[in-house]
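Hi everyone, thanks for coming. I'd like to walk you through one structure today, so please have a look at the screen.

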Amino acid sequence: MTGNWLLVLSIVFTVHMAHGCPQKCLCHMASKTADCKNRGFTEIPAHLPPETQILLLQNNRIWRINQNAFTGTPLLKILDLSNNSLSSFAPGSLQKLRYLQVLNLTRNLIHYIENKTFSFLPHLKELDLSSNSIVRLPETFGNSTGNITLLSVKHNKLQKMERVLLESLPNLKVVLFKDNPWLCNCNVFGLKLWLESFLYRGGISDGIICATPGIRKGKDLLKVPYELFGACPLTTAHTHLATTHHHSFEHRSSLKHSHHNEHGENSRLSCEPKPKPRPVNLRHAIATVVITGVVCGIVCLMMLAAAVYGCAYAAITAKYHREHLAPARQHGTPEEKEPFDSSLA
């Protein structure tokens with residue numbers, strides 16, 4: 001009996017090794033899935049089947065990803081690394097995953113994302129960065145991340161998010177911002193404008209709730225009028241515009257001037273005119289324009305009608321005077337002639 005069990009175990013082990021599945025993982029050839037969750041891994045396991053398309057690594061203790069971690073699994077489409085101890089990524093550690101579509105990095109220890117971290121992922125559609133400790137996001141995720149349709153950054157420590165990052169994701173359909181300490185000062189203009197346009201185009205979002213300053217704590221960013229933010233200092237505005245090529249020279253000039261004349265510049269900045277108030281919502285602006293046009297049209301029609309009526313009334317009155325009152329003045333009525341005749345008698 002013991003010999004039979006040993007034979008069965010040896011056959012299972014041989015088949016297991018033939019498919020190249022790590023000892024602690026369960027590999028399902030039909031679904032091309034490698035289930036390695038809850039196994040105590042501290043790094044990406046080696047010797048995974050090369051045809052693997054779904055790799056489940058959640059609930060481990062993985063703290064780093066080596067540059068060649070996914071060299072043996074180039075066909076991966078879904079990678080779940082949630083609930084691990086990742087804090088950063090080695091440069092180029094994900095560049096072998098050209099067919100990756102879903103990347104789940106929730107509940108890790110990530111503090112920041114480097115510029116172009118997700119380059120070479122042209123098929124990436126869903127990127128979940130929620131429940132980390134991210135304090136800063138880059139201006140771009142990578143050169144080939146334009147196909148992302150879902151982005152989640154909720155439950156992090158973000159105070160701001162660059163508009164240029166969101167504009168680099170033209171196919172974005174869902175974006176989740178909830179539970180971040182958003183700083184709703186003058187620098188949030190770009191994000192507010194982008195979010196209004198995104199929702200107007202049919203996008204889905206859970207909104208941005210302000211955390212600071214105190215007067216706006218708990219308020220929806222979309223419901224805070226532009227004019228309440230006040231004007232940003234000139235240097236801050238130029239720093240924001242520096243991402244645009246044709247303003248870069250002006251930015252350097254203003255910084256140089258402020259370095260030589262710091263006190264005078266600061267006093268002048270306090271007198272900078274505030275930007276022209278903009279509509280709170282694009283839909284409200286369009287509705288206002290339409291209603292204004294209708295009202296102006298109605299007023300014009302009423303004025304035209306009044307003018308026509310006045311002209312017609314004046315013409316009728318003039319005609320009446322010509323036909324009735326003029327002859328009466330020339331010949332006189334019988335009643336007017338009697339007193340004259342009596343006076344002659």
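Let's start with Ser-82, which is buried at a relative accessible area of 4% (buried means under 20%, with a 1.4 Å probe and protein chains only). Bear in mind that this is a predicted model, where local features need pLDDT of at least 70, side-chain atom pairs count only at pLDDT 80 or more, and totals for chains, interfaces and linings use all residues. Residues are numbered from 1 along each chain as its sequence is written, and side-chain values use heavy atoms, leaving out hydrogens and water.

Where does Ser-82 sit? You'll find Ser-82 in the loop between strand E4 (78-80) and strand E5 (102-104); strands are DSSP runs of at least two residues, helices of at least four (H or I), numbered from the N terminus. Leaving aside residues up to four places away in sequence, Ser-82 touches Leu-57, Gln-58, Asn-59, Asn-104, Thr-106, Arg-107 and Asn-108, where contact means heavy atoms within 4.5 Å.

Now for helix H3, residues 189-200. Its 12 residues should span 16 Å at 1.5 Å a residue, and the end C-alpha atoms lie 17 Å apart, which agrees; the expected span is 1.5 Å times one less than the number of residues. Which residues of H3 are buried? They are Phe-189, Gly-190, Leu-191, Lys-192, Trp-194, Leu-195, Glu-196 and Phe-198. After H3 comes Gly-202, with a positive phi near 100°.

That's my tour, and I'm happy to take questions.

Terms used
Buried < 20%, exposed > 50% of the residue type's maximum accessible area, 1.4 Å probe, protein only.
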